[in-house]
Structures are given as C-alpha cells and as structure tokens.
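Trainee: Could we go through this one together? I'd like to begin with the strands and then move on to the ligand.

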Amino acid sequence: MTRRQAVKLIGTTSAGLVLPIVKVESQTENRSSSILTRPIPSSGENIPIIGLGTWEVFDVDLTPDKEKSLGDLLALFVKLGGRVIDSSPMYGRSEAVIGQLATGRGLLDQLFLATKVWTQGKQAGIESMERSLARLQTKRIDLMQVHNLIDVEAQLSTMRDWKAQGRFKYIGITHYNSSAFAEVEKVLRREKLDFLQINYSIQEREAEQRILPLAQDRGVATIVNRPFGGGDLFGRIRAKPLPDWAAEFDCSSWAQLFLKWILASPAVTCAIPATNNPTHLQDNMMAGRGRMPDANMRQRVLELVTLF
Ligand SMILES: NC(=O)c1ccc[n+]([C@@H]2O[C@H](COP(=O)([O-])OP(=O)(O)OC[C@H]3O[C@@H](n4cnc5c(N)ncnc54)[C@H](OP(=O)(O)O)[C@@H]3O)[C@@H](O)[C@H]2O)c1
C-alpha cells in the first residue's frame, strides 16, 4: 500500500453486490477531499474512480493564458485526488499539452498516464508510441490502449513487448460505440488485457449487457468514456431541478448523479469525464466521494432521466 491508499472500505449495494472500495488521502489535501479508489484486477494497484478525459478540451495552443488555465486545472485535479488522465494521438495537441503542463508543474509522477495507439501497421504503431512517450515527456506510460481496435493484433504484440520492457505498466483496448461491441467481445475473450475503455452512461447502456460483465469475469479493469454521452445528457436535463432524494447518496448536481449512476456498477473501475472548466472539474471530482446509489436508487435515476 502506498501513502495514497489508506483505509480499506467495503460498500454493499442493496442487491447484495460487494463493491471493493478504498478510501484514499491526497498528499496535498485533508480528509474532506478524499476520493474513492478501486483496484486494477491484474495488479491490485488502486486508482481513483474519477479521472480526466482530454478529447478536444486539451487540444489547444499553449498560449501563456492557456498554459496558466490548463496548468491550474491539472494541479486542481491532482489536489482533489485525481490521477488517471486519458489522451490519444487522435486528440491533436493533447498529449504534448499534458506532457508540458505536468512536467512544468512537477505533477508527472502523480499522474496515471493513459494514452493510445491509433494507426495501421506494426512499424507505424511503434513510431506512434515512441512519439507518445516523447510528447508526454516520460520514459514510462502507465496505460497504452489500442484506440478503437485499429490493427489490434499488430499493436498488441508490440505493446506486450514494451510492457515486458517496463515502458508500459498496463495495456488495453478502447471503443466508444456499441456497433463495435461484438468485436470488442471477441478481443476481450481472446487476449490477455489489463484494461478495457468503453462508452457507458445512463443514455448509452449497451455495455452493461455483455461487455462490462465479461470484463469483470476476465479480471479486466474498465475505464468508462463518454460518461455524459459527450455532453448530450446536460442538454437533455436542461434546467430541471435535481430530485431531493439525490442527497441520499451524497449527490448535489446532475453531473454527480450521472457519474455516480455509472460508478455504482461494480464492473466499473473508473470514469473519465472531459472538461477544461475548473468548476465542472470540481463538480465531477465530488462524484468520487461519499455514498453510491444502491440498485433501487439506480433504477429510480434511470426512470427519472428516461422521462426527459
Ligand atoms: N474511442 C475512445 O478511446 C474514446 C472515445 C470517446 C471518448 N474517449 C475518452 O473519454 C473522454 C470523455 O468522453 P467525451 O469527452 O467524449 O465526453 P463526456 O466526458 O461524456 O462529455 C464531455 C462534455 O461534458 C461537459 N461537462 C463536463 N463536466 C461537466 C459538468 N460538471 N457540468 C456540465 N458539463 C460538463 C464538457 O464541457 P466543459 O468542457 O464545458 O466542461 C464536455 O462538453 C474523452 O475526453 C476521451 O479522453 C475515448
């Protein structure tokens, strides 16, 4: 156990499912800022259940203003107990922005760097992954993922070798659309993976049928992308008031309600909402604390949001 991993807690849902949850203390914050973590099945290492997505929001020119605002955002993320940050060569300048900000602010060692390979061909994959290491300004990436299953066998063979060499700590695959779930399922059954990153939210629920249970059976950690359906969920609820009963599972905003609905699934390890807005970041990080909805509450949330 590291200093970040303190008291082990066990949460039990009304359905009798046991959620292994570890309560941690950020090195820079007091008890009130503690965030929950869950273990990566292949290693037992705990990661915070809320991470940060960077698609579009980190694809920026680092002007002095942007360097300050995004640097502050990254520092706030770490201060609030965040570690997992997800990027891809597909996200333009995002990897380079993370590398420059994390190095400049001395945050690199506190982050769990996740990125992807998104190209056809073994040699092109090798060159892409070398560029990712350089852009992130690191000798080791925590998690390398095959983006959208592109040339998955060729890329996984390199990723396995680099994991053995210590250049990657974990390897995995990603997708964002249920049209690919049959293929995702085949790869999950065939390959030995540490992580699966997949879309799952109150409005994109297909992953709960086969993909998330299979990942759980195979001992694969899951990162949930598009937790707000790319932001569409906020358009759906507009200015509707949050129900009073959301307070029963320590929820004070719609963003927290959407995230806690996801995180209440024992098959989910971590969710990665994207934002470059510090108020939204703080809001999202709050979803990583306190009580989670039980099965009845989860159903109630679903019925409410389905009405909108
Ligand atoms: N195939 C893949 O591997 C794949 C595919 C899709 C996504 N991903 C990963 O998953 C991450 C998340 O998915 P996503 O970016 O598509 O969508 P998302 O996280 O579901 O939604 C992001 C949107 O929600 C808004 N938002 C965030 N927090 C909010 C809050 N508290 N209140 C109100 N609005 C809020 C953001 O706007 P503001 O910036 O204004 O807060 C942004 O427009 C990506 O960034 C990427 O890292 C991977």
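Trainee: Which residue in β12 is the bridge partner of isoleucine 223?

Mentor: Bearing in mind that this is a predicted model, the bridge partner of isoleucine 223 in β12 is cysteine 270. Strand β11, which covers residues 221–225, pairs with β12 in the parallel sense, over two bridges.

Trainee: And what's the strand order in the sheet?

Mentor: The sheet is an open one of eight strands with parallel pairing, and the order runs β5-β6-β7-β8-β9-β10-β11-β12. Strands β5 (52–53) and β12 (270–271) stand at the edges, and each has a single partner strand, so one side of each is left without a neighbour in the sheet.

Trainee: Switching to the ligand, where does it sit?

Mentor: The ligand sits in the largest pocket. It is surrounded by 31 residues, of which the closest are Asp86, Asn148, Phe228, Thr275 and His280.

Trainee: How do those shell residues divide into nonpolar, polar and charged?

Mentor: The shell around the ligand has 11 nonpolar, 16 polar and four charged residues. Helix α9, residues 278–286, gives the most to this shell, with three residues.

Trainee: Which backbone atoms lie by ligand oxygens?

Mentor: A polar backbone atom of proline 227 is 3.3 Å from an oxygen atom of the ligand, and a backbone N or O atom of glycine 231 also lies 3.3 Å from a ligand oxygen. For glycine 229, a backbone N or O atom lies 3.5 Å from an oxygen atom of the ligand.

Trainee: How much of the ligand's area does the protein bury?

Mentor: Taken alone, the ligand exposes 900 Å², and the protein buries 85% of that.

Methods:
Residues are numbered from 1 along each chain as its sequence is written. This is a predicted model: local features need pLDDT of at least 70, side-chain atom pairs count only at pLDDT 80 or more; totals for chains, interfaces and linings use all residues. Side-chain values use heavy atoms; hydrogens and water are left out. A residue is near a molecule or strand if one of its heavy atoms lies within 4 Å of it. A polar contact is a pair of N or O atoms within 3.5 Å; within protein, one must be able to donate a hydrogen and the other to accept it, and residues adjacent in sequence count only if both atoms are side-chain atoms. Accessible areas come from the Shrake-Rupley method with a 1.4 Å probe; for residues, only the protein chains shown count as cover. On a 1 Å grid over the protein atoms alone, a cavity is a set of points where a 1.4 Å probe fits but cannot get out, and a pocket is an open set with protein on both sides within 12 Å along at least five of seven lines; lining residues have an atom within 4 Å of a point. A molecule sits in a cavity or pocket if more than half of its atoms lie within 2 Å of its grid points. Helices (H or I, at least four residues) and strands (E, at least two) are DSSP runs, numbered from the N terminus. Ala, Val, Leu, Ile, Met, Phe, Trp, Tyr, Cys and Pro count as nonpolar, Asp, Glu, Lys and Arg as charged, and the others, Gly among them, as polar. Two strands pair if DSSP finds at least two bridges between them.
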